[in-house]
Amino acid sequence: MRQKIAAANWKMNLPKEGIEAYFETLRQTVKPNSTRTVWCVPAPFLEKCAAEVEKIFNSKIAAQNIFHKPSGAFTGEISSTMLKQIGITATLIGHSERRGTFKEDQDMLTQKCLHALEQGLEVIYCVGETLEQRKSEQTWDVLSEQLATIKSISETDLKKFCIAYEPIWAIGTGVSATSEQAEQAHQFIRQQIAEWKSQSNADHLPILYGGSVSPENVTDLSKQENIDGCLVGGASLIPEKFAKIIAAWKEI
Ligand code: PGA
């Protein structure tokens with residue numbers, strides 16, 4: 001059975017003053033279960049959030065990005081070493097906003113993944129196509145290119161790795177992929193892992209769906225065989241909504 005994961009991506013949102021109340025609501029609503037909950041929060045809030053989630057069962061705080069060097073002249077960047085010093089052991093890499101707005105290319109993202117894993121961090125690695133790429137039937141080529149990072153990851157490190165399939169046209173638009181579209185992409189991703197690594201790696205690696213996940217569409221998504229969880233932006237900012245999303249991944 002693959003690990004189920006409900007992950008939140010706050011992006012550059014939420015004020016510091018709202019954090020305690022946010023987690024208090026979740027503490028009251030989330031029932032202990034085997035689903036792992038992860039919050040990817042802005043860097044200045046990492047430590048505060050980590051202290052808050054200590055009392056929430058099976059949960060952890062992750063960074064939204066790291067640089068692939070341990071230290072040096074890299075103004076504005078955060079290293080895996082610094083994260084570990086404050087007790088943070090996971091990070092998002094390759095979110096489409098990093099790829100698009102901040103022009104992080106595939107080579108850099110592969111270096112970031114390898115570095116983070118080598119440093120012992122867990123990684124949620126994001127992939128996904130644009131609307132134009134989907135319309136011109138390039139989805140599988142684009143995903144293959146982005147997934148090629150996996151070829152360089154050792155089988156041991158793959159145990160600390162998970163993938164978030166986030167079609168760019170579904171992010172922040174309110175138009176989620178249908179559960180069938182998402183399942184088809186997840187099947188493709190799993191096949192690639194089986195082909196490049198091993199069937200056992202493919203069977204164990206959690207693949208999350210992201211893009212306008214909400215309390216309304218999460219149940220359908222959670223019923224798909226190859227969808228093991230979700231990465232949630234907008235709806236994760238409202239604790240009552242995110243609590244409902246977490247509950248949908250509860251194992252039966
Ligand atoms: P969204 O964002 O849920 O607001 O669409 C998802 C993401 O960008 O990770």
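**Exercise 1.** How do the residues of the shell around the ligand divide into nonpolar, polar and charged?

*Solution.* This is a predicted model, in which local features need pLDDT of at least 70, side-chain atom pairs count only at pLDDT 80 or more, and totals for chains, interfaces and linings use all residues. Residues are numbered from 1 along each chain as its sequence is written, and side-chain values use heavy atoms, with hydrogens and water left out.

Step 1. The ligand is surrounded by 13 residues, where near means a heavy atom within 4 Å. The closest are Lys 11, His 95, Glu 166, Gly 172 and Ser 212.

Step 2. Ala, Val, Leu, Ile, Met, Phe, Trp, Tyr, Cys and Pro count as nonpolar, Asp, Glu, Lys and Arg as charged, and the others, Gly among them, as polar.

Step 3. The shell then holds four nonpolar, seven polar and two charged residues.

**Exercise 2.** Find which atom of Ser 212 lies 2.7 Å from an oxygen atom of the ligand.

*Solution.* Step 1. A polar contact is a pair of N or O atoms within 3.5 Å; within protein, one must be able to donate a hydrogen and the other to accept it, and residues adjacent in sequence count only if both atoms are side-chain atoms.

Step 2. In Ser 212 it is a backbone N or O atom. In Glu 166 a side-chain N or O atom is 2.7 Å from a ligand oxygen.

**Exercise 3.** State the strand order of the open sheet and name its edge strands.

*Solution.* Step 1. Strands are DSSP runs (E, at least two residues), and two of them pair if DSSP finds at least two bridges between them.

Step 2. The eight strands follow the order β3-β2-β1-β8-β7-β6-β5-β4, with parallel pairing.

Step 3. The edge strands, each pairing on one side only, are β3 (59-62) and β4 (90-93).

Methods
Helix = DSSP H or I, 4+ residues; strand = E, 2+ residues; numbered from the N terminus.
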